[in-house]
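Student: Hi! Could you walk me through this one while I have it open?
Tutor: Happy to, let's have a look together.

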Amino acid sequence: MVVDGGTVAWVGSEGAADSFADGVDTVVQLDGALVTPAFTDAHVHTTATGLALTGLDLSDAASLAEALDRTAAHAAAHPGDRVLLGHGWDETRWPERRAPSRAELDAATGGRPLYLTRTDVHSAVVSSALLELVPGVAGEPGYDPAGPLTRDAHHAARRAAYAAVTPGQRADAQRTALRHAASRGIGALHECGGPEISSEDDLTGLLALAAAEPGPRVFGYWAEAARSAADLDRILALGATGAGGDLFVDGSLGSHTACLHAPYDDAPHSGVAHLDAETVARHLTLCTEHGVQAGFHAIGDAAISTVVEGARAAAAATGVERVRALRHRVEHAELMTAATIAAFAEFGLVASVQPAFDAAWGGSEGMYARRLGAERAASLNPYAAMTRAGVPLVLGSDSPVTPLDPWGAVRAAAFHRTPEHRISARAAFNAHTRGGWRAVGRDDAGVLVPGAPAHYAVWTGGDLVVQAPDERVANWSTDPRSGTPGLPDLTPGRPLPTALRTVVDGRTVHARPNG
(Lines give C-alpha, C1' and ligand atoms only; values in the text may rest on other atoms or scores of the structure.)
Protein backbone atom coordinates (compact mmCIF):
# COMPACT_ATOMS: atom_id res chain seq x y z
CA MET A 1 0.00 0.00 0.00
CA VAL A 2 1.21 3.49 -0.90
CA VAL A 3 -0.08 6.46 1.08
CA ASP A 4 0.23 10.00 -0.27
CA GLY A 5 -0.44 12.55 2.45
CA GLY A 6 -3.80 11.63 3.94
CA THR A 7 -4.96 9.43 1.07
CA VAL A 8 -4.43 5.84 -0.04
CA ALA A 9 -2.70 6.16 -3.42
CA TRP A 10 -2.21 2.54 -4.43
CA VAL A 11 -2.85 -1.01 -3.21
CA GLY A 12 -1.45 -4.08 -4.92
CA SER A 13 0.94 -7.01 -4.84
CA GLU A 14 4.30 -6.94 -3.11
CA GLY A 15 6.16 -7.42 -6.35
CA ALA A 16 4.48 -4.45 -7.99
CA ALA A 17 5.14 -2.34 -4.91
CA ASP A 18 8.89 -2.52 -5.54
CA SER A 19 8.47 -0.04 -8.38
CA PHE A 20 7.34 2.59 -5.87
CA ALA A 21 10.19 2.07 -3.40
CA ASP A 22 12.59 4.65 -4.82
CA GLY A 23 9.99 7.41 -4.97
CA VAL A 24 8.61 7.36 -1.44
CA ASP A 25 9.77 9.05 1.74
CA THR A 26 9.33 6.13 4.13
CA VAL A 27 9.06 2.36 3.74
CA VAL A 28 7.47 0.40 6.59
CA GLN A 29 8.23 -3.32 6.59
CA LEU A 30 5.26 -5.17 8.04
CA ASP A 31 7.11 -8.39 8.88
CA GLY A 32 3.92 -10.40 8.68
CA ALA A 33 1.66 -7.85 10.40
CA LEU A 34 -1.91 -7.33 9.18
CA VAL A 35 -3.17 -3.99 7.85
CA THR A 36 -6.88 -3.19 8.02
CA PRO A 37 -9.04 -0.10 7.91
CA ALA A 38 -9.08 1.52 11.34
CA PHE A 39 -12.18 0.78 13.36
CA THR A 40 -14.97 3.27 14.01
CA ASP A 41 -16.66 3.02 17.40
CA ALA A 42 -20.16 4.27 16.69
CA HIS A 43 -21.25 4.99 20.28
CA VAL A 44 -18.92 6.47 22.89
CA HIS A 45 -19.12 8.78 25.90
CA THR A 46 -15.60 10.15 25.74
CA THR A 47 -15.30 12.16 28.94
CA ALA A 48 -16.95 9.44 31.02
CA THR A 49 -14.61 6.90 29.41
CA GLY A 50 -11.57 8.94 30.34
CA LEU A 51 -12.79 9.43 33.90
CA ALA A 52 -13.38 5.68 34.22
CA LEU A 53 -9.91 4.90 32.86
CA THR A 54 -8.25 7.22 35.37
CA GLY A 55 -10.63 6.96 38.31
CA LEU A 56 -12.66 4.46 40.28
CA ASP A 57 -13.65 1.59 37.99
CA LEU A 58 -15.74 -1.13 39.63
CA SER A 59 -16.50 -3.11 36.47
CA ASP A 60 -14.41 -6.05 37.69
CA ALA A 61 -15.43 -5.89 41.36
CA ALA A 62 -16.41 -9.42 42.36
CA SER A 63 -18.70 -8.50 45.26
CA LEU A 64 -20.43 -5.65 47.03
CA ALA A 65 -17.88 -5.89 49.83
CA GLU A 66 -15.01 -5.51 47.36
CA ALA A 67 -16.73 -2.55 45.70
CA LEU A 68 -17.10 -0.78 49.05
CA ASP A 69 -13.49 -1.50 50.00
CA ARG A 70 -12.27 -0.09 46.69
CA THR A 71 -14.51 2.95 47.05
CA ALA A 72 -13.04 3.64 50.50
CA ALA A 73 -9.50 3.24 49.18
CA HIS A 74 -10.22 5.60 46.28
CA ALA A 75 -11.64 8.21 48.62
CA ALA A 76 -8.58 7.99 50.87
CA ALA A 77 -6.25 8.31 47.86
CA HIS A 78 -8.02 11.43 46.51
CA PRO A 79 -8.53 13.77 49.46
CA GLY A 80 -8.70 16.88 47.25
CA ASP A 81 -11.50 15.81 44.89
CA ARG A 82 -14.61 17.95 45.34
CA VAL A 83 -16.78 15.07 44.14
CA LEU A 84 -15.65 11.45 43.98
CA LEU A 85 -16.59 9.84 40.66
CA GLY A 86 -16.81 6.14 39.88
CA HIS A 87 -18.38 3.75 37.43
CA GLY A 88 -19.14 0.16 36.60
CA TRP A 89 -20.90 -1.59 39.50
CA ASP A 90 -23.21 -4.43 38.52
CA GLU A 91 -25.17 -6.04 41.32
CA THR A 92 -26.22 -8.94 39.08
CA ARG A 93 -22.62 -10.20 39.18
CA TRP A 94 -22.30 -10.02 42.96
CA PRO A 95 -23.24 -12.71 45.48
CA GLU A 96 -25.08 -10.07 47.52
CA ARG A 97 -27.37 -9.32 44.51
CA ARG A 98 -27.95 -5.72 45.58
CA ALA A 99 -26.57 -2.24 45.04
CA PRO A 100 -24.60 -0.36 47.68
CA SER A 101 -26.84 1.49 50.11
CA ARG A 102 -26.49 5.20 50.78
CA ALA A 103 -25.42 4.51 54.35
CA GLU A 104 -22.67 2.16 53.14
CA LEU A 105 -21.42 4.79 50.70
CA ASP A 106 -21.46 7.46 53.40
CA ALA A 107 -19.31 5.24 55.57
CA ALA A 108 -16.91 4.34 52.73
CA THR A 109 -16.36 7.97 51.73
CA GLY A 110 -16.25 9.50 55.19
CA GLY A 111 -19.26 11.63 54.36
CA ARG A 112 -17.91 13.11 51.12
CA PRO A 113 -19.88 13.59 47.85
CA LEU A 114 -19.80 10.46 45.66
CA TYR A 115 -21.47 9.72 42.31
CA LEU A 116 -21.18 6.07 41.25
CA THR A 117 -22.84 4.91 38.04
CA ARG A 118 -24.15 1.44 37.37
CA THR A 119 -22.47 -0.35 34.45
CA ASP A 120 -25.28 0.68 32.06
CA VAL A 121 -25.06 4.35 33.18
CA HIS A 122 -28.86 4.51 33.47
CA SER A 123 -28.83 4.59 37.26
CA ALA A 124 -26.40 5.58 39.98
CA VAL A 125 -25.86 5.29 43.69
CA VAL A 126 -24.82 8.45 45.48
CA SER A 127 -23.77 9.52 48.95
CA SER A 128 -25.83 11.80 51.17
CA ALA A 129 -23.29 14.60 50.64
CA LEU A 130 -23.82 14.43 46.89
CA LEU A 131 -27.58 14.79 47.34
CA GLU A 132 -26.97 18.00 49.28
CA LEU A 133 -25.60 19.45 46.03
CA VAL A 134 -28.91 18.74 44.23
CA PRO A 135 -31.71 20.87 45.68
CA GLY A 136 -35.16 19.39 45.14
CA VAL A 137 -33.88 16.00 44.00
CA ALA A 138 -36.19 14.18 46.44
CA GLY A 139 -39.18 15.39 44.42
CA GLU A 140 -37.86 14.20 41.05
CA PRO A 141 -39.12 11.03 39.31
CA GLY A 142 -36.71 8.19 39.94
CA TYR A 143 -35.65 9.30 43.42
CA ASP A 144 -35.09 6.57 45.99
CA PRO A 145 -34.38 7.52 49.61
CA ALA A 146 -31.85 4.73 50.07
CA GLY A 147 -31.15 2.99 46.77
CA PRO A 148 -30.12 3.81 43.18
CA LEU A 149 -31.40 6.92 41.44
CA THR A 150 -33.01 6.61 38.01
CA ARG A 151 -34.76 8.89 35.51
CA ASP A 152 -34.85 12.64 36.28
CA ALA A 153 -33.36 12.22 39.76
CA HIS A 154 -30.35 10.48 38.24
CA HIS A 155 -29.93 13.14 35.55
CA ALA A 156 -30.00 15.88 38.19
CA ALA A 157 -27.39 14.09 40.29
CA ARG A 158 -25.18 13.57 37.23
CA ARG A 159 -25.29 17.27 36.36
CA ALA A 160 -24.27 18.18 39.91
CA ALA A 161 -21.45 15.63 39.94
CA TYR A 162 -20.00 16.61 36.58
CA ALA A 163 -20.26 20.31 37.45
CA ALA A 164 -17.41 19.65 39.88
CA VAL A 165 -15.14 18.51 37.02
CA THR A 166 -12.95 21.44 35.97
CA PRO A 167 -12.33 22.22 32.27
CA GLY A 168 -8.76 21.03 32.71
CA GLN A 169 -9.84 17.74 34.26
CA ARG A 170 -12.39 17.27 31.49
CA ALA A 171 -9.80 17.86 28.75
CA ASP A 172 -7.39 15.45 30.45
CA ALA A 173 -10.13 12.78 30.60
CA GLN A 174 -11.00 13.30 26.93
CA ARG A 175 -7.35 13.13 25.90
CA THR A 176 -6.91 9.91 27.90
CA ALA A 177 -9.94 8.33 26.23
CA LEU A 178 -8.85 9.32 22.71
CA ARG A 179 -5.34 7.97 23.24
CA HIS A 180 -6.78 4.74 24.58
CA ALA A 181 -9.07 4.48 21.54
CA ALA A 182 -6.12 4.96 19.21
CA SER A 183 -4.23 2.22 21.05
CA ARG A 184 -7.12 -0.11 20.22
CA GLY A 185 -6.92 0.57 16.48
CA ILE A 186 -9.86 2.99 16.51
CA GLY A 187 -9.53 5.80 14.00
CA ALA A 188 -12.92 7.44 14.49
CA LEU A 189 -15.62 7.55 17.11
CA HIS A 190 -19.13 8.89 17.47
CA GLU A 191 -19.60 10.91 20.63
CA CYS A 192 -23.12 10.67 22.04
CA GLY A 193 -23.73 13.79 24.09
CA GLY A 194 -26.83 15.60 25.23
CA PRO A 195 -28.33 17.74 27.99
CA GLU A 196 -29.22 14.68 30.09
CA ILE A 197 -25.79 13.06 29.59
CA SER A 198 -23.10 15.73 29.51
CA SER A 199 -23.07 19.44 28.60
CA GLU A 200 -22.64 21.68 25.60
CA ASP A 201 -19.20 22.66 26.87
CA ASP A 202 -18.27 18.99 27.06
CA LEU A 203 -19.19 18.41 23.41
CA THR A 204 -17.67 21.58 21.99
CA GLY A 205 -14.52 21.09 24.05
CA LEU A 206 -14.13 17.51 22.82
CA LEU A 207 -14.62 18.45 19.18
CA ALA A 208 -12.10 21.28 19.50
CA LEU A 209 -9.54 19.04 21.21
CA ALA A 210 -9.95 16.28 18.61
CA ALA A 211 -9.52 18.79 15.79
CA ALA A 212 -6.41 20.33 17.34
CA GLU A 213 -4.48 17.22 18.35
CA PRO A 214 -3.49 14.03 16.53
CA GLY A 215 -5.89 11.21 17.32
CA PRO A 216 -9.11 9.57 16.24
CA ARG A 217 -11.64 11.63 14.31
CA VAL A 218 -14.66 12.55 16.44
CA PHE A 219 -18.21 13.01 15.17
CA GLY A 220 -20.55 14.46 17.76
CA TYR A 221 -24.26 13.84 18.25
CA TRP A 222 -26.46 16.00 20.46
CA ALA A 223 -29.51 14.28 21.95
CA GLU A 224 -32.19 16.93 22.17
CA ALA A 225 -35.66 16.73 20.62
CA ALA A 226 -36.20 19.60 18.21
CA ARG A 227 -39.43 21.60 18.21
CA SER A 228 -38.38 24.13 15.61
CA ALA A 229 -35.81 24.85 12.93
CA ALA A 230 -34.12 27.17 15.43
CA ASP A 231 -33.52 24.19 17.71
CA LEU A 232 -31.76 22.38 14.88
CA ASP A 233 -29.66 25.45 14.07
CA ARG A 234 -28.54 25.62 17.71
CA ILE A 235 -27.63 21.91 17.72
CA LEU A 236 -25.65 22.20 14.49
CA ALA A 237 -23.91 25.32 15.84
CA LEU A 238 -22.36 23.09 18.51
CA GLY A 239 -20.56 21.25 15.72
CA ALA A 240 -22.86 18.24 15.95
CA THR A 241 -23.11 15.82 13.05
CA GLY A 242 -26.72 15.07 13.91
CA ALA A 243 -29.57 15.61 16.35
CA GLY A 244 -29.57 12.20 17.94
CA GLY A 245 -27.41 9.70 19.73
CA ASP A 246 -28.79 9.09 23.19
CA LEU A 247 -32.09 10.90 22.70
CA PHE A 248 -33.82 8.66 25.20
CA VAL A 249 -37.05 6.96 24.23
CA ASP A 250 -36.43 4.61 27.16
CA GLY A 251 -33.67 3.49 29.54
CA SER A 252 -31.86 0.18 30.02
CA LEU A 253 -32.73 -3.42 30.87
CA GLY A 254 -30.24 -3.62 33.72
CA SER A 255 -31.83 -0.64 35.49
CA HIS A 256 -35.38 -1.85 34.72
CA THR A 257 -36.02 1.33 32.69
CA ALA A 258 -36.12 -0.06 29.14
CA CYS A 259 -39.72 0.29 27.94
CA LEU A 260 -41.42 -3.04 27.22
CA HIS A 261 -44.76 -4.18 25.84
CA ALA A 262 -45.03 -6.74 28.67
CA PRO A 263 -43.76 -6.44 32.27
CA TYR A 264 -40.29 -7.46 33.37
CA ASP A 265 -39.87 -11.00 34.58
CA ASP A 266 -38.35 -9.76 37.84
CA ALA A 267 -40.22 -6.49 38.41
CA PRO A 268 -43.95 -5.61 38.46
CA HIS A 269 -43.80 -2.96 35.70
CA SER A 270 -42.84 -2.44 32.05
CA GLY A 271 -40.14 0.20 32.32
CA VAL A 272 -40.13 3.90 31.50
CA ALA A 273 -41.17 5.79 28.35
CA HIS A 274 -39.35 9.10 27.93
CA LEU A 275 -40.76 10.12 24.53
CA ASP A 276 -44.04 9.39 22.78
CA ALA A 277 -44.57 8.71 19.08
CA GLU A 278 -45.79 12.26 18.43
CA THR A 279 -42.54 13.73 19.77
CA VAL A 280 -40.48 11.23 17.78
CA ALA A 281 -42.44 12.06 14.62
CA ARG A 282 -42.03 15.82 15.10
CA HIS A 283 -38.27 15.46 15.61
CA LEU A 284 -37.84 13.15 12.62
CA THR A 285 -40.00 15.32 10.39
CA LEU A 286 -38.14 18.51 11.29
CA CYS A 287 -34.77 16.84 10.81
CA THR A 288 -35.79 15.32 7.48
CA GLU A 289 -37.20 18.60 6.16
CA HIS A 290 -33.95 20.39 7.04
CA GLY A 291 -31.55 17.66 5.92
CA VAL A 292 -30.32 16.79 9.42
CA GLN A 293 -29.65 13.24 10.58
CA ALA A 294 -31.79 12.30 13.60
CA GLY A 295 -31.42 9.48 16.08
CA PHE A 296 -32.86 7.92 19.20
CA HIS A 297 -31.90 5.59 22.05
CA ALA A 298 -34.37 2.69 22.12
CA ILE A 299 -33.79 -0.70 23.76
CA GLY A 300 -37.16 -2.21 24.73
CA ASP A 301 -39.69 -3.44 22.19
CA ALA A 302 -42.22 -0.77 23.17
CA ALA A 303 -39.62 1.99 22.76
CA ILE A 304 -38.57 0.63 19.38
CA SER A 305 -42.24 0.50 18.31
CA THR A 306 -42.53 4.16 19.29
CA VAL A 307 -39.60 5.04 17.03
CA VAL A 308 -41.09 3.05 14.16
CA GLU A 309 -44.47 4.75 14.59
CA GLY A 310 -42.75 8.13 14.54
CA ALA A 311 -40.72 7.19 11.46
CA ARG A 312 -43.89 6.11 9.66
CA ALA A 313 -45.51 9.45 10.41
CA ALA A 314 -42.41 11.35 9.27
CA ALA A 315 -42.33 9.34 6.04
CA ALA A 316 -45.98 10.16 5.43
CA ALA A 317 -45.23 13.85 5.92
CA THR A 318 -41.98 14.12 3.95
CA GLY A 319 -41.76 11.03 1.74
CA VAL A 320 -40.09 7.68 2.39
CA GLU A 321 -37.08 8.40 0.18
CA ARG A 322 -36.26 11.62 2.02
CA VAL A 323 -36.35 9.74 5.32
CA ARG A 324 -34.17 6.94 3.94
CA ALA A 325 -31.63 9.34 2.46
CA LEU A 326 -30.65 10.78 5.85
CA ARG A 327 -29.81 7.43 7.45
CA HIS A 328 -31.53 8.27 10.72
CA ARG A 329 -30.18 6.15 13.59
CA VAL A 330 -31.46 4.06 16.45
CA GLU A 331 -28.94 3.37 19.21
CA HIS A 332 -28.98 -0.15 20.72
CA ALA A 333 -32.19 -1.49 19.07
CA GLU A 334 -32.06 -4.63 21.20
CA LEU A 335 -35.55 -6.11 21.60
CA MET A 336 -36.52 -6.20 17.93
CA THR A 337 -39.43 -8.06 16.34
CA ALA A 338 -40.05 -9.18 12.77
CA ALA A 339 -42.30 -6.14 12.29
CA THR A 340 -39.80 -3.60 13.61
CA ILE A 341 -36.95 -5.19 11.64
CA ALA A 342 -39.02 -4.82 8.47
CA ALA A 343 -39.78 -1.19 9.35
CA PHE A 344 -36.10 -0.39 9.95
CA ALA A 345 -35.36 -1.73 6.48
CA GLU A 346 -38.29 0.17 4.95
CA PHE A 347 -37.23 3.54 6.39
CA GLY A 348 -33.47 3.00 6.10
CA LEU A 349 -32.95 3.27 9.87
CA VAL A 350 -29.37 2.53 10.91
CA ALA A 351 -29.09 0.20 13.91
CA SER A 352 -26.15 1.26 16.07
CA VAL A 353 -25.56 -1.89 18.13
CA GLN A 354 -23.19 -3.12 20.82
CA PRO A 355 -22.40 -6.85 20.55
CA ALA A 356 -20.46 -6.71 23.82
CA PHE A 357 -23.83 -6.29 25.57
CA ASP A 358 -24.75 -9.83 24.55
CA ALA A 359 -21.32 -11.13 25.55
CA ALA A 360 -21.68 -9.52 28.99
CA TRP A 361 -25.35 -10.11 29.78
CA GLY A 362 -26.74 -12.62 27.28
CA GLY A 363 -27.20 -16.38 27.60
CA SER A 364 -29.66 -18.44 29.59
CA GLU A 365 -28.04 -17.50 32.92
CA GLY A 366 -27.26 -13.87 32.20
CA MET A 367 -28.79 -10.61 33.37
CA TYR A 368 -31.03 -10.36 30.31
CA ALA A 369 -32.64 -13.71 31.10
CA ARG A 370 -33.27 -12.62 34.70
CA ARG A 371 -34.87 -9.39 33.54
CA LEU A 372 -36.97 -10.80 30.69
CA GLY A 373 -37.15 -14.57 31.15
CA ALA A 374 -35.13 -16.94 28.99
CA GLU A 375 -37.49 -17.02 26.00
CA ARG A 376 -37.83 -13.24 25.58
CA ALA A 377 -34.13 -12.70 26.32
CA ALA A 378 -33.22 -15.13 23.53
CA SER A 379 -34.81 -12.74 21.02
CA LEU A 380 -32.48 -9.85 21.89
CA ASN A 381 -29.99 -8.45 19.39
CA PRO A 382 -31.03 -10.49 16.33
CA TYR A 383 -28.16 -9.38 14.10
CA ALA A 384 -28.60 -12.14 11.51
CA ALA A 385 -32.28 -11.37 10.94
CA MET A 386 -31.52 -7.65 10.75
CA THR A 387 -28.74 -8.22 8.23
CA ARG A 388 -30.89 -10.50 6.08
CA ALA A 389 -33.61 -7.84 6.01
CA GLY A 390 -31.17 -5.18 4.84
CA VAL A 391 -30.97 -3.17 8.05
CA PRO A 392 -27.63 -1.30 8.12
CA LEU A 393 -25.65 -2.27 11.23
CA VAL A 394 -22.89 -0.19 12.80
CA LEU A 395 -20.94 -1.40 15.82
CA GLY A 396 -19.83 0.40 18.94
CA SER A 397 -19.13 -0.07 22.63
CA ASP A 398 -21.20 2.56 24.49
CA SER A 399 -17.96 3.01 26.46
CA PRO A 400 -17.64 3.17 29.42
CA VAL A 401 -20.62 0.75 29.57
CA THR A 402 -18.42 -1.82 27.84
CA PRO A 403 -14.74 -1.28 26.99
CA LEU A 404 -13.29 0.11 23.78
CA ASP A 405 -12.53 -3.28 22.25
CA PRO A 406 -13.37 -3.50 18.54
CA TRP A 407 -12.05 -7.00 17.87
CA GLY A 408 -13.94 -8.15 20.95
CA ALA A 409 -17.12 -6.65 19.47
CA VAL A 410 -16.56 -8.44 16.16
CA ARG A 411 -16.02 -11.68 18.06
CA ALA A 412 -19.18 -11.12 20.12
CA ALA A 413 -21.27 -10.64 16.96
CA ALA A 414 -19.77 -13.69 15.25
CA PHE A 415 -20.17 -15.85 18.38
CA HIS A 416 -23.43 -14.40 19.71
CA ARG A 417 -24.74 -16.33 22.74
CA THR A 418 -27.88 -17.12 20.73
CA PRO A 419 -26.52 -19.00 17.69
CA GLU A 420 -29.33 -18.02 15.32
CA HIS A 421 -28.41 -14.34 15.76
CA ARG A 422 -24.77 -14.74 14.71
CA ILE A 423 -23.34 -13.00 11.66
CA SER A 424 -20.04 -13.68 9.93
CA ALA A 425 -16.89 -12.10 11.30
CA ARG A 426 -16.49 -10.29 7.98
CA ALA A 427 -19.99 -8.77 8.20
CA ALA A 428 -19.32 -7.63 11.75
CA PHE A 429 -15.92 -6.24 10.77
CA ASN A 430 -17.46 -4.26 7.92
CA ALA A 431 -20.10 -2.88 10.28
CA HIS A 432 -17.32 -1.76 12.65
CA THR A 433 -15.24 -0.10 9.94
CA ARG A 434 -17.00 1.07 6.78
CA GLY A 435 -20.40 0.93 8.45
CA GLY A 436 -19.42 3.59 10.97
CA TRP A 437 -18.39 5.98 8.22
CA ARG A 438 -21.53 5.33 6.20
CA ALA A 439 -23.56 6.16 9.31
CA VAL A 440 -22.15 9.72 9.23
CA GLY A 441 -22.77 10.06 5.51
CA ARG A 442 -19.26 9.15 4.30
CA ASP A 443 -19.27 6.39 1.70
CA ASP A 444 -15.59 6.82 0.76
CA ALA A 445 -13.97 5.83 4.08
CA GLY A 446 -13.49 2.67 6.10
CA VAL A 447 -11.91 0.82 3.17
CA LEU A 448 -8.36 0.68 1.83
CA VAL A 449 -8.65 1.45 -1.87
CA PRO A 450 -7.04 4.18 -3.98
CA GLY A 451 -8.63 7.53 -3.18
CA ALA A 452 -9.86 6.52 0.27
CA PRO A 453 -8.75 8.41 3.38
CA ALA A 454 -5.66 6.83 4.94
CA HIS A 455 -7.26 5.64 8.17
CA TYR A 456 -5.76 2.25 8.98
CA ALA A 457 -4.32 0.07 11.71
CA VAL A 458 -1.44 -2.40 11.77
CA TRP A 459 -1.97 -5.52 13.88
CA THR A 460 0.06 -8.37 15.26
CA GLY A 461 0.16 -11.16 12.71
CA GLY A 462 -1.37 -14.60 12.78
CA ASP A 463 -3.36 -17.00 10.66
CA LEU A 464 -6.16 -15.42 8.66
CA VAL A 465 -9.40 -17.34 8.32
CA VAL A 466 -12.90 -16.82 6.95
CA GLN A 467 -15.28 -17.36 9.85
CA ALA A 468 -18.98 -17.92 9.22
CA PRO A 469 -21.64 -18.41 11.89
CA ASP A 470 -22.58 -21.96 10.90
CA GLU A 471 -23.16 -24.40 8.07
CA ARG A 472 -26.10 -22.42 6.72
CA VAL A 473 -23.67 -19.92 5.15
CA ALA A 474 -22.95 -20.78 1.52
CA ASN A 475 -19.84 -22.90 1.08
CA TRP A 476 -18.34 -20.53 -1.48
CA SER A 477 -17.96 -17.80 1.15
CA THR A 478 -15.45 -19.85 3.16
CA ASP A 479 -13.61 -21.31 0.17
CA PRO A 480 -10.26 -19.58 -0.48
CA ARG A 481 -11.12 -19.49 -4.19
CA SER A 482 -14.02 -17.15 -3.46
CA GLY A 483 -11.59 -14.32 -2.74
CA THR A 484 -13.31 -13.42 0.53
CA PRO A 485 -10.59 -11.67 2.59
CA GLY A 486 -9.56 -13.46 5.74
CA LEU A 487 -9.48 -12.01 9.23
CA PRO A 488 -7.69 -13.07 12.41
CA ASP A 489 -9.08 -16.17 14.08
CA LEU A 490 -11.56 -14.78 16.61
CA THR A 491 -12.61 -18.09 18.15
CA PRO A 492 -13.38 -17.50 21.85
CA GLY A 493 -10.35 -18.22 23.98
CA ARG A 494 -7.84 -17.19 21.35
CA PRO A 495 -5.88 -13.96 21.91
CA LEU A 496 -7.22 -10.96 20.03
CA PRO A 497 -4.96 -8.90 17.74
CA THR A 498 -2.94 -6.06 19.26
CA ALA A 499 -2.61 -2.71 17.50
CA LEU A 500 1.00 -1.99 16.58
CA ARG A 501 0.19 1.28 14.82
CA THR A 502 -2.91 3.37 14.19
CA VAL A 503 -2.94 5.95 11.40
CA VAL A 504 -5.57 8.67 10.83
CA ASP A 505 -5.42 10.87 7.73
CA GLY A 506 -1.96 9.50 7.02
CA ARG A 507 -0.60 10.52 10.46
CA THR A 508 0.45 7.98 13.06
CA VAL A 509 -1.65 8.55 16.17
CA HIS A 510 -0.55 5.43 18.04
CA ALA A 511 2.64 3.40 17.84
CA ARG A 512 3.19 0.53 20.21
CA PRO A 513 6.61 0.68 21.85
CA ASN A 514 8.91 -1.84 20.15
CA GLY A 515 5.98 -2.68 17.85
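This is a predicted model: local features need pLDDT of at least 70, side-chain atom pairs count only at pLDDT 80 or more; totals for chains, interfaces and linings use all residues.

Student: Which residues in α2 are buried?
Tutor: The buried ones are T46, T47, A48, T49, G50, L51 and A52.

Student: Zooming out, how many helices and strands are in the chain?
Tutor: The chain has 20 helices and 20 strands. Its radius of gyration is 23 Å, close to the 24 Å that the globule rule gives for 515 residues, so the chain is as compact as a globular protein of that length.

Student: And what box do the C-alpha atoms fill?
Tutor: Roughly 70 × 55 × 50 Å, taken along the principal axes.

Student: What percentage of the residues count as buried?
Tutor: Of the 515 residues, 55% are buried. The chain exposes about 20,700 Å², and carbon and sulfur atoms supply 51% of that area. As for contacts between residues at least 6 apart in sequence, 72% join residues at least 24 apart.

Student: Switching to sheets. What is the strand order in the open sheet of four strands?
Tutor: The order is β5-β6-β7-β8, and the pairing is mixed. At the edges stand β5 (56–57) and β8 (124–126), each with a single partner strand, so one side of each is left without a neighbour in the sheet.

Student: How do β7 and β8 pair, parallel or antiparallel?
Tutor: Antiparallel, over three bridges, with β7 covering residues 114–118.

Student: Nice. What about β13, in which sense does β12 pair with it?
Tutor: Strands β12 (residues 293–298) and β13 (residues 329–332) pair in the parallel sense, over four bridges. Within that pairing, A298 has H332 of β13 as its bridge partner.

Student: And how many bridges join β13 to β14?
Tutor: Three, and those two strands run parallel, with β14 spanning residues 350–353. Here the bridge partner of V330 is A351 in β14.

Student: Which helix goes with β13 and β14 in a β-α-β unit?
Tutor: That is α13 (residues 338–347), and the unit is right-handed.

Student: Are R329 and E331 buried or exposed?
Tutor: Both R329 and E331 are buried.

Student: How many salt bridges does the structure hold?
Tutor: There are 22 of them. One is between the side chains of R184 and D405, at 3.9 Å from N to O. R184 sits in the loop between α7 (167–183) and β9 (186–193), and D405 in the loop between β15 (393–395) and α18 (406–414), so the pair ties together parts that are 221 residues apart in sequence.

Student: How accessible are R184 and D405?
Tutor: R184 is partly exposed, with a relative accessible area of 33%. D405 is partly exposed as well, at 30% relative accessibility.

Student: Which residue does E200 meet in a salt bridge?
Tutor: E200 meets R234, at 3.7 Å from N to O. E200 lies in helix α8 (residues 200–212) and R234 in helix α9 (residues 229–237), so this pair ties together parts that are 34 residues apart in sequence. E200 counts as partly exposed at 35% relative accessibility, and R234 counts as partly exposed at 32%.

Student: Which residues are linked in a network of salt bridges?
Tutor: The network links D90, E91, R93, R118, D120, D266 and R371.

Student: Last topic, A413. Where is A413 found?
Tutor: A413 is in helix α18. At 1% relative accessibility, A413 counts as buried.

Student: Which residues does A413 touch, leaving out those up to four places away in sequence?
Tutor: A413 touches P355, Y383, R422, I423 and A428.

Student: And how far apart in space are A413 and R282?
Tutor: They are 34 Å apart, C-alpha to C-alpha, and 131 residues apart in sequence.

Technical notes
Residues are numbered from 1 along each chain as its sequence is written. Side-chain values use heavy atoms; hydrogens and water are left out. A salt bridge is a side-chain nitrogen of Lys or Arg within 4 Å of a carboxyl oxygen of Asp or Glu. Buried means under 20% relative accessible area, exposed over 50%, partly exposed in between (1.4 Å probe, protein chains only). Two strands pair if DSSP finds at least two bridges between them. A crossover is right-handed if, with the strands pointing away from the viewer, the path from the first strand over the helix to the second runs clockwise. Contact means heavy atoms within 4.5 Å. The radius of gyration is taken over C-alpha atoms; the globule rule is 2.2 Å times the number of residues to the power 0.38. Accessible areas come from the Shrake-Rupley method with a 1.4 Å probe; for residues, only the protein chains shown count as cover.
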